[in-house]
Amino acid sequence: MKNFNELSEREVLALAISLEEEDERVYADFSEGLRQEFPASATVFDSMRKEESGHRRRLIELYQRKFGEHIPLIRRQDVKGFVQRTPVWLVRPLGLDTVRKQASAIEVETRRFYERAAARTQDASVRQLLDDLAQEERSHEDRAQELTEEKLRPDVKEDEDKARRRLFVLQIVQPGLAGLMDGSVSTLAPVFAAALATKNSWDAFLVGMAASLGAGISMGFAEALSDDGSLTGRGHPWVRGLICGAMTTLGGIGHTLPFLIKDFPLALGIAIVVVLVELGVITWVRHRYMDTPTFSAALQVGLGGALVFTTGILIGKS
């Protein structure tokens, strides 16, 4: 890698051309990645791509006048001081917040590059263009906001907010809720059956940990292998599997941990309270994100939990 201060004016212009070309392609990827779920925001980034394309053309024209037709390939990774970018545009579907933060970082870095380049350039025409581009990059964030206000009318913003919420529910809430319900409800029977059969907190704890971890691994793999998300829009399968498996394990461990208390009646009482809290959380999530009426959600979750809990008690006392 080469230090920025060691670059000649010819190399600075070549690097600027490379940066603008990369930024243009990044914005094109943003636009393409957002087009299906967020078409209005995709239009914003397409407009930003066109601006970067205009910057690149102006730089090439000046380079041709000063140094001829051959432009050496100098990339950001060849020069010290640039931030390593995370390739978020490779992820589908893209998240609006992630993309906008990445775009903001690109604008700030490019502006600083032009300011530093202009400060050390002696040629008047080169310095003038770099100053102009620095000013345009400085206002680029404002321009992006103007484009957002112009392209994203209130009704469009509302539609995109709904789309973003739908993706969040599909990719995070649904697998997490499925895991939490399975972990909280399905482990009730083995945990409380073991507790009532042995009257020993440690035995109940071991059974609960085994059931929770086993259910978490099973649910995680089942969710990850269910579909790859390419058609359903549910996101990366292994991310969903990790979320589902973790929440399944958490749901089972919640009412297992109280059995670390040696006093069995106290541990059993606390475990029952934890179960009620877990069922309440599941009810709230179903009402908040799945638009299920509170009474209906409480009835469904409570009925399922009661049936499994009763099964565990009957088996444990038999």
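Helix α7 passes α10 in a left-handed crossing, where left-handed means that the near helix is turned anticlockwise from the far one by less than a right angle, and right-handed that it is turned clockwise. This is a predicted model, in which local features need pLDDT of at least 70 and side-chain atom pairs count only at pLDDT 80 or more, while totals for chains, interfaces and linings use all residues. Residues are numbered from 1 along each chain as its sequence is written, and side-chain values use heavy atoms, with hydrogens and water left out.

**Helix packing**

- Helix α7 (residues 188-198) and α10 pack at an angle of about 165°, with their axes 11 Å apart; the axes are lines fitted to C-alpha atoms, for helices over the stretch in contact, and angles run from 0 to 180 degrees between N-to-C directions.
- The two helices α7 and α10 are therefore roughly antiparallel to each other, a term for angles over 145 degrees, whereas angles under 35 count as roughly parallel, 65 to 115 as roughly perpendicular and the rest as oblique.
- Helices here are DSSP runs of H or I with at least four residues, numbered from the N terminus.

**Salt bridges**

- Side chains of opposite charge can pair when their charged atoms come close.
- A salt bridge is a side-chain nitrogen of Lys or Arg within 4 Å of a carboxyl oxygen of Asp or Glu, and by this rule the count comes to twelve salt bridges.
- Glu24 forms a salt bridge with Arg49, with the closest N and O atoms 3.9 Å apart.
- Because Glu24 lies in helix α1 (residues 9-34) and Arg49 in helix α2 (residues 39-67), this pair ties together parts that are 25 residues apart in sequence.
- Glu24, Asp46, Arg49, Lys50 and Arg56 are linked in a network of salt bridges.
- The side chains of Glu109 and Arg76 also meet in a salt bridge, at 3.1 Å from N to O.
- Since Glu109 lies in helix α3 and Arg76 in the loop between α2 and α3, the pair ties together parts that are 33 residues apart in sequence.

**Buried and exposed residues**

- Glu109 is buried, with a relative accessible area of 13%, and Arg76 counts as buried at 7% relative accessibility; buried means under 20% relative accessible area, exposed over 50% and partly exposed in between (1.4 Å probe, protein chains only).
- Arg112, found in helix α3 (residues 96-119), is exposed, with a relative accessible area of 52%.
- Leu257 lies in the loop between α9 (237-254) and α10 (264-289), and at 42% relative accessibility Leu257 counts as partly exposed.
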